[in-house]
Amino acid sequence: MAGQESGAVLQFAPFQSSVDEGFWHRLSSLKLNKLGIDDSPISITGFYAPCSHSQVSNHLTLLAESLPPEPSEQSSTPPISRGNRNRCSVPGILYNTNTLESFHALDKQSLLKAEAEKIWNDIHSGRAEEDCSVLSRFLLISFADLKKWSFHYWFAFPALVLDPPATLVDLKPASQWFSLEEAESVSAACNEWRNSSSTADVPFFLVSIASNSRATIRHLKDWEACQEDGHKLLFGFYDPCHLPKNPGWPLRNFLVLIYSRWNIKKVQFLCYRENRGFADLGLSLVGEAQISAPQEWRDELHVPNVVGWELNRGKKVYRCISLAKSMDPTRLAISAADLNLKLMRWRALPSLNLNILSTMKCLLLGAGTLGCQVARMLMAWGVRKITLLDNGKVAMSNPLRQSLYTLDDCLNGGEFKALAAVNSLKRIFPAVEAEGVVMAIPMPGHPVPSQEEESVLDDCRCLCELIESHDAVFLLTDTRESRWLPTLLCANANKMTITAALGFDSFLVMRHGAGPLSSTIDNRAEAMNALSADMSKFSPTDSDGGQRLGCYFCNDVVAPVDSTSNRTLDQQCTVTRPGLAPIASALAVELLVGILHHPHGIFAEGDIANSSSNGINEQPLGILPHQIRGSLAQFSQMTLVGHSSNSCTACCDTVVSEYRKRGMDFILQAINHPTYLEDLTGLTELMKSASSFKLDWDNDTDADDDDCVEI
């Protein structure tokens, strides 16, 4: 900007803005987690300081703390501290729009005028003398594209326009204006003002110089007192500008206040600047300006014209910044992964509890077609802690159907599925806390040689510890008998358990009911496995005493046996229509999310689709069925409810009590003796009774109703 001659129009160096990346990250978080589609104006705080370098101006800066804290941070976030010499607080207002079109459509002149009215009112009400920072109010409009991490924004620093403009009488370095004694005293007074915690961030002040050259710094509210002592008076302000012949932007509204409040037409001002934290009168400027505004300027109802939109490379256009390239890829992935879930809370699902989902620990038993799909669905719902258990290796036939594997995983005999799946999950989403466990699940009907008993029992103990340390368990194995031990252990520990099973063109997805002894579960184990206060609703106490929902084995009248021996190739492999597994896997994960958001959690009753009773208690996510059975042959799906059986070989009171009493000995006996579970639960007697029961058909049409038998 060109220098100014005496008598010329006084020209000011515009304010410049600077936005820290932390501000945009904080705004993004605030938009996703609190504001949603609310585009109401937000009060923010900017910071600036006097110029401290002869070649560089200071900017008005926005930091992360410029924005209000999120609800979760209200108690932990301290208020913006005052008294910081390097951060003079300035109030501002933010208009963040929901769309780029809305950003372009904002009535920018009206917004600027509204802020100017606030400044004008603050001047006439006297508030600006009590809190002079309001003279530098600013405006920011923005649009945050949270998918691309780009931000469109435009600053305005409203300045009331003097009409006619002020003329410059004189302007020179302060060191040339003051006598040596005055300069020394002014420097000392300014340093004292800047070093005091009560005045360091007060950007407008009065400099009173007595006849003995002694300088005193006073607040604006002390103006009348300064008039009485007859001292030479200068109006000082922290000048962010470094230019030697132009005062900074804050002087504009300061001159308006001086003329409107005190009717001073010839103003001597001090543009205070520093060097290395001390007053630099060689860099600071002292000037004299002549104001000749019309009389109506002193009328509060007459709001002057206003200017102030920041220029971008000399043009009046907005700015755009992209943070995607500068962000850590993992952090960017986390933000992008959570975007869809947080957007759900804006309108579709405000009650979505992302904290529960992100802290859930899920155990997936089976890393095949179902396990791969379930793991990916869980990550999509925000679950970050996943353990996969499988003892198989990736075969050449797997990658096409099992989405976490590639050809490289099949080479050299194949990688273990559990480990290859974990590596794949981390490539997809680096922030996932995934773990792979290579282990076979001991199964009934598969007798264990005596020399292998200890190894099998170690596997049983390991499986028990895994189930105890996780919050939800998915049973995704190929065979019926491989689900028995996990079902028993989950019933004993009262874990949320989801089963998904496939036929050729049909599937079953179901959630297991609470364990039969859940009301007497060990409190220490409960505390160890609790998710925190958020999971308190899943406390293992069936308050209403209702009938439990059944498990995968509750409808069986035979114990699980060996289903893999003496089978042809098509019977050994899981031969299903390719579209079946993704459907069943998605439904299994949706069931878990439904349980987590149901007020009764694991104890929730089973809902039936299209039932008239569902509307009364329907949850935000919809109904919560017990079983979902589907058929691709018919493109049909139905919901069913099955209550627990007193003769269930996996979850009935008798079996769970026997396990608690005998522990690993009970499991070993169940594995080695095919009929043991049937004998224990009474299924053997039931089948004998059924075999000996004979129905005598009576063709007599006159038979009484008493002759009918209800089964």
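How do the residues of the lining of the second largest pocket divide into nonpolar, polar and charged? The legends below get to that, starting with the whole chain. Keep in mind that this is a predicted model.

**Figure 1. The whole protein, before we zoom in.** Helices number 22 here, and strands number 24. The protein has 711 residues, and buried ones make up 50% of them. Take the contacts between residues at least 6 apart in sequence: 74% of these join residues at least 24 apart.

**Figure 2. The second largest pocket and its lining.** Back to the opening question: the lining residues split into 14 nonpolar, 8 polar and 3 charged. The space inside comes to about 520 Å³. There are 25 lining residues, and the ones closest to the pocket centre are Ala13, Pro14, Phe15, Gln16 and Leu311. Two elements, helix H3 (108-125) and strand E15 (306-309), each give two or more residues to this lining. Strand E15 gives the most, with 4 residues.

**Figure 3. Phe204 meets Phe254.** The protein has 22 aromatic pairs in total, and here is one of them. The ring centres of Phe204 and Phe254 are 4.9 Å apart, with 65° between the planes, and the pair is edge-to-face. Phe204 sits in strand E8 (residues 204-209) and Phe254 in helix H8 (residues 250-262), so this pair ties together parts that are 50 residues apart in sequence. Both Phe204 and Phe254 are buried.

Figure 4. What kind of pair do the rings of Tyr552 and Phe553 make? Their planes stand at 85° and their centres are 5.2 Å apart, so the pair counts as edge-to-face, for which the planes must be over 60 degrees apart. Tyr552 is buried, and Phe553 is buried too.

**Figure 5. Arg194 over Tyr238.** Which residue has its charged end over the ring of Tyr238? That would be Arg194, whose charged end lies 4.7 Å from the centre of the ring.

How values were computed: Residues are numbered from 1 along each chain as its sequence is written. This is a predicted model: local features need pLDDT of at least 70, side-chain atom pairs count only at pLDDT 80 or more; totals for chains, interfaces and linings use all residues. Side-chain values use heavy atoms; hydrogens and water are left out. Rings of Phe, Tyr and Trp (its six-membered ring) pair if their centres lie within 6.5 Å; planes under 30 degrees apart count as stacked, over 60 as edge-to-face and the rest as tilted. Buried means under 20% relative accessible area, exposed over 50%, partly exposed in between (1.4 Å probe, protein chains only). A charge sits over a ring if NZ of Lys or CZ of Arg is within 6 Å of the ring centre and within 35 degrees of the ring normal. On a 1 Å grid over the protein atoms alone, a cavity is a set of points where a 1.4 Å probe fits but cannot get out, and a pocket is an open set with protein on both sides within 12 Å along at least five of seven lines; lining residues have an atom within 4 Å of a point. Grid points are joined across faces, edges and corners, and a volume is the space filled by probe spheres set on the points. Ala, Val, Leu, Ile, Met, Phe, Trp, Tyr, Cys and Pro count as nonpolar, Asp, Glu, Lys and Arg as charged, and the others, Gly among them, as polar. Contact means heavy atoms within 4.5 Å.
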